[in-house]
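Subject: Structure for your review

Dear colleague,

Please find below the structure that I am handing over to you. My notes on what was found follow directly after it.

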Amino acid sequence: MNKIETKNLNLYYGTFHALKGITMSVKANTVTALIGPSGCGKSTYLRLFNRMNDLIPGVKIEGDVLLDEKDIYNNKGMRIDELRKKVGMVFQKPNPFPKSIFENVAYGLRVNGMNHASFVEERVETSLKQAALWDEVKDKLKKSAFALSGGQQQRLCIARALAIEPSVLLMDEPASALDPISTAKIEDLIYELKNKYTIIIVTHNMQQAGRVSDKTAFFYLGDLIEYNDTNIIFTNPTDPKTQSYVTGRFG
Amino acid sequence: MTHLDVELKRLKDEIVEMFELVTQQMKKSQLAFIGFDREIAREVNFNEKRVNALELKIDKDCENIFALFNPVAIDLRFVLAVLKINSNLERIGDIADGISRYVIGTGNPFDKELIDITRVNEMFVMAVQMLSDVQKAFDSEDTKIARGIFQKDDLLDEINENANSVIENYIRSHEGNISQSLHIISAIRKLERTGDQVKNVAEEIIFFLEAKVLKHVSEK
């Protein structure tokens with residue numbers, strides 16, 4: 001069964017045709033990397049799955065976007081807050097809230113009415129462990145999240161996304177603002193997390209796509225040029241445009 | 001363990017499997033050749049397909065690691081070394097298969113006297129010993145064991161160098177055994193080549209662990 005699917009998906013920002021007839025499916029418990037030069041539509045495509053594009057004025061979407069085989073746009077029973085509980089997101093720059101480490105992770109639980117102390121504590125600990133941050137912060141949970149390093153803040157944001165137990169995790173260049181050691185930690189984390197989550201990651205770093213993903217989709221000027229197993233994309237891509245991009249000859 | 005570590009460990013397990021498979025092939029080809037056992041020879045011939053398939057799998061995995069993980073430093077040397085070790089082991093597999101084919105293609109058992117005077121069995125024993133040592137060197141990442149391989153190859157060279165005159169004398173007094181004499185000298189040539197292949201593997205192990213290139217260097 002496909003976890004996520006788009007069928008003949010077109011997206012327009014006003015008159016600009018940003019995504020052109022994208023048909024693509026993602027299996028559960030896999031990591032899919034979206035690559036392509038700036039403006040190719042990869043972040044727009046990522047933001048479809050938690051309906052973040054809805055916030056942008058003038059956006060028009062045609063086609064189907066399915067999560068667990070249910071349409072998330074043409075579905076009157078689908079509430080956006082419920083959707084975002086299933087589909088977590090991590091952004092390029094770490095964006096912790098001006099709260100303690102503990103309260104950052106507990107935030108999603110509390111706004112969803114889950115306030116039972118022992119339950120929240122247990123979930124915060126589990127999420128921080130999943131995000132490979134627990135050992136570094138367990139003795140300072142009440143300290144401000146801003147006291148953490150950039151790499152730790154990003155893992156905190158991942159823990160915050162995991163706390164509400166989504167089944168899909170969207171990552172928009174999650175390591176591009178981090179140093180190489182923090183980047184390696186995030187990449188190892190992605191490799192661990194795919195056992196439990198379906199992950200889609202936008203990255204400008206092609207080596208990162210190679211290291212972390214099972215499947216890679218190459219976007220160019222709003223078209224999905226090629227979508228295949230990552231090892232095929234990086235050893236023997238079908239389309240000459242993909243080959244030129246992954247070898248650094250254009251883009 | 002990082003994702004790359006997992007992939008490197010998997011690659012190591014695969015090449016160890018290749019070592020074991022090829023060593024088995026060489027041992028069986030010895031049994032087939034010295035004992036003139038066509039059944040074992042056919043077994044070696046059949047298992048050659050497994051050697052070839054594993055070589056392709058390891059090649060592909062190395063290619064994927066280069067393309068997806070961009071290994072550097074000792075990781076890069078490890079993958080480069082595995083790629084070359086894989087190729088050398090596959091060639092040894094070919095040699096074991098080739099020797100076994102002499103058993104399948106020859107009408108009569110080899111003359112025991114010919115086996116003894118050519119010392120071909122000693123060569124088999126040494127080739128298997130060298131394979132076992134080089135696997136140990138790889139497995140335990142021990143360059144001392146790897147360097148010990150170079151001396152052992154001398155015995156194979158010595159027997160090979162003497163083989164022409166030994167067989168020439170034998171043929172003079174056993175004109176009916178020319179065909180099997182040619183098979184034996186071909187097997188001796190192949191076993192001498194096995195020693196060279198194992199030495200290449202030892203050089204790759206030293207390259208991987210010490211970043212030293214010993215190719216074309218006489219003093220190792």
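Asn8(A) has 11 C-beta neighbours inside 10 Å, and because a residue with 12 or fewer is classed as exposed, Asn8(A) counts as exposed. Asn8(A) is placed in strand E1 of chain A, which covers residues 2-13. The phi angle of Asn8(A) is near 45 degrees, a positive value in a residue that is not glycine.

Please bear in mind that this is a predicted model. The model has an ipTM of 0.75 and a pTM of 0.84. For chain B the mean pLDDT is 94, and 99% of the residues in that chain reach 70 or more.

Where the two chains meet, eleven residues of chain A are in contact with eight residues of chain B. On the chain A side, the elements giving two or more residues are helix H7 (180-193), helix H8 (206-212) and helix H9 (230-235). The residues on this side of chain A comprise three nonpolar, five polar and three charged.

The remaining notes concern chain B. Chain B has seven helices and zero strands, so that, read from the N terminus, its elements run α-α-α-α-α-α-α. Does the overall size of chain B agree with or depart from that of a compact globule? For 220 residues, a compact globule would have a radius of gyration near 17 Å; chain B has 19 Å, which agrees. The C-alpha trace of chain B spans about 65 × 40 × 20 Å along its principal axes. Of the 220 residues in chain B, 39% are buried. Among the contacts in chain B with a separation of 6 or more, 81% are between residues 24 or more positions apart.

Helix H1 (residues 3-34) and helix H5 (residues 120-139) of chain B pack with their axes 10 Å apart, at an angle of about 170 degrees. Angles over 145 degrees count as roughly antiparallel, and H1(B) and H5(B) are therefore roughly antiparallel to each other. From H1(B), the residues that take part in this contact include Val16(B), Phe19(B), Val22(B) and Met26(B), while those from H5(B) include Phe124(B), Val128(B), Leu131(B) and Phe138(B). In total, the contact of H1(B) with H5(B) involves ten nonpolar, five polar and two charged residues.

Two further residues of chain B may be read side by side. Asn70(B) lies in the loop between helix H2 (38-69) and helix H3 (73-105). The phi angle of Asn70(B) is near 45 degrees, again a positive value in a residue other than glycine. Asn70(B) has 15 other C-beta atoms within 10 Å and is partly exposed.

Ser100(B), by contrast, is found in helix H3 of chain B. Ser100(B) and Ile85(B) are 15 residues apart along the chain, and their C-alpha atoms are separated by 23 Å.

With kind regards

Technical notes
Residues are numbered from 1 along each chain as its sequence is written. Chains are lettered from A and ligands numbered from 1 in the order in which they are written. This is a predicted model: local features need pLDDT of at least 70, side-chain atom pairs count only at pLDDT 80 or more; totals for chains, interfaces and linings use all residues. pLDDT is the predictor's confidence in each residue, from 0 to 100. Two residues are in contact if their C-beta atoms, placed from the backbone, lie within 7 Å. Helices (H or I, at least four residues) and strands (E, at least two) are DSSP runs, numbered from the N terminus. Ala, Val, Leu, Ile, Met, Phe, Trp, Tyr, Cys and Pro count as nonpolar, Asp, Glu, Lys and Arg as charged, and the others, Gly among them, as polar. The radius of gyration is taken over C-alpha atoms; the globule rule is 2.2 Å times the number of residues to the power 0.38. A residue is buried if 20 or more other C-beta atoms lie within 10 Å of its own, exposed if 12 or fewer, and partly exposed in between; C-beta atoms are placed from the backbone. Axes are lines fitted to C-alpha atoms, for helices over the stretch in contact, and angles run from 0 to 180 degrees between N-to-C directions. Angles under 35 degrees count as roughly parallel, over 145 as roughly antiparallel, 65 to 115 as roughly perpendicular and the rest as oblique.
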